[in-house]
Amino acid sequence: DMSPEEVAFQDKVDADIKIEPRDWMPDGYRKTLIRQIGQHAHSEIVGQLPEGNWIARAPTLERKMILLAKVQDEAGHGLYLYSAAETLGVTRDELTEALLSGKMKYSSIFNYPTLNWADIGAVGWLVDGAAIMNQVPLQRTSYGPYSRAMIRICKEESFHQRQGYDIMMKMAQGTPEQKKMAQDALNRFWYPSLMMFGPSDAESVHSAQSMAWKIKINTNDELRQKFVDQTVPQAEYLGLTVPDENLKWNEEKGGYDFSEPDWSEFFDVLKGNGPCNNDRLNARVNAWEDGQWVRDGLLAHAEKKAARKVA
Ligand code: 3HC
């Protein structure tokens, strides 16, 4: 049974009163928020790599500027989320160390390669589409700083998805080769995008507690279903085929029946065996090491300034 503080805490959560940094909270609540917000932040930072790879290769100056703006947005999303995580008593350095040592995760989707320009369209359309589906409900999460970060992030995400869908439209309605590239990108990103919502509800270890604490507002399967129902008509509009022969509208369910992703692949990628896991982590380790001199300089400058003030 619960202690008086836990009862008071749960009453606030049930009454949709936001939990703020200085409020009492169960250790488990703090722990799972650091885990989720930290991994969310890592996803934003690592998520810059697949797209960053194409900024110098964009087909037009306009596409280059749009992609540059999107990748910069993702960096900002990472910073908001690291700041939200810091309010729970963990430092940015601790979170970075946990990412670089493989102790903390980032979204599995970023362990897949972006092989050509159509992939950049598929990433905006499907990956940001899935991220929006997951982040919109998170605006109502019970922890104040996380909820406010989500509200701000969601404002920028719709542009991310629209620019991706615009690329897909251009290619699907372009030459036969371009349409083939768009279909191939959909084929390769469809199932990894479904995996972004997490394992099935039966396999989800955190969902029950996260929903009781209103950290998670919808279950993994609920959001995955909503994503499929929203995305299939968009694929049809493009004249592209979703790579799932079991996909079928189910009238009484009011949604599509669809094939689950290959969960053994999902857990294999989480174990580090995806196509790009090593590249992504090496890129972040190199960025950290190459940036050491900048951090040292900034710290030295700050210490000198502080010393001058004292004198
Ligand atoms: N990639 C990597 N790990 C995943 C995952 C995925 N797609 N889905 C689930 N997992 C991990 C969980 O982190 C957990 O492992 P852990 O205990 O080591 O953290 C394990 O699989 C079991 O999954 P659960 O469903 O029990 O875990 P959660 O309750 O945390 O649910 C989640 C998973 C739905 C991803 C939830 O953590 C969440 O909503 N996180 C915030 C959203 C987020 O991180 N989105 C990343 C999308 S990409 C992005 O934001 C960038 C965009 O701008 C492009």
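Predicted model: local features only at pLDDT ≥ 70, side-chain atom pairs only at ≥ 80, totals over all residues.

Tutor: Residues are numbered from 1 along each chain as its sequence is written, and side-chain values use heavy atoms, with hydrogens and water left out.

Student: Why is His 77 called buried?

Tutor: Buried means under 20% relative accessible area, exposed means over 50%, and partly exposed lies in between (1.4 Å probe, protein chains only). His 77 has 0% relative accessibility, so it counts as buried. This residue sits in helix 4; helices (H or I, at least four residues) are DSSP runs, numbered from the N terminus.

Student: What is His 77 in contact with, leaving aside neighbours within four places in sequence?

Tutor: Contact means heavy atoms within 4.5 Å. Apart from those neighbours, His 77 is in contact with Glu 44, Ile 153, Glu 156, Glu 157 and His 160.

Student: And His 40, buried or exposed?

Tutor: Its relative accessible area is 12%, so His 40 is buried. His 40 belongs to helix 2 (residues 27–46), and beyond its neighbours within four places in sequence it is in contact with Leu 81, Gln 135, Leu 138, Tyr 146 and Met 150.

Student: What makes a set of residues a nonpolar core?

Tutor: The members must be buried Ala, Val, Leu, Ile, Met, Phe, Trp, Tyr and Cys residues joined through side-chain atoms within 4.5 Å. The largest such core here has 45 residues, and those with the most contacts inside it are Trp 117, Trp 125, Leu 126, Trp 190 and Phe 227.

Student: Which helix gives the most to this core?

Tutor: Helix 6 does, with 11 residues. Apart from this core lies another, of 28 residues, including Met 25, Tyr 29, Ile 37 and Leu 138.

Student: Why is the pair of Trp 249 and Tyr 256 called edge-to-face?

Tutor: Rings of Phe, Tyr and Trp (its six-membered ring) pair if their centres lie within 6.5 Å; planes under 30 degrees apart count as stacked, over 60 as edge-to-face and the rest as tilted. The centres of Trp 249 and Tyr 256 are 5.0 Å apart and the planes are at 80°, so the pair is edge-to-face. Trp 249 is partly exposed, at 41% relative accessible area, whereas Tyr 256 counts as buried at 11%.

Student: How do you know what to call the pair of Phe 266 and Phe 267?

Tutor: Their ring centres lie 4.9 Å apart with planes at 75°, so this pair is edge-to-face. Phe 266 counts as buried at 5% relative accessibility, while Phe 267 is partly exposed at 33%.

How values were computed: Helix = DSSP H or I, 4+ residues; strand = E, 2+ residues; numbered from the N terminus.
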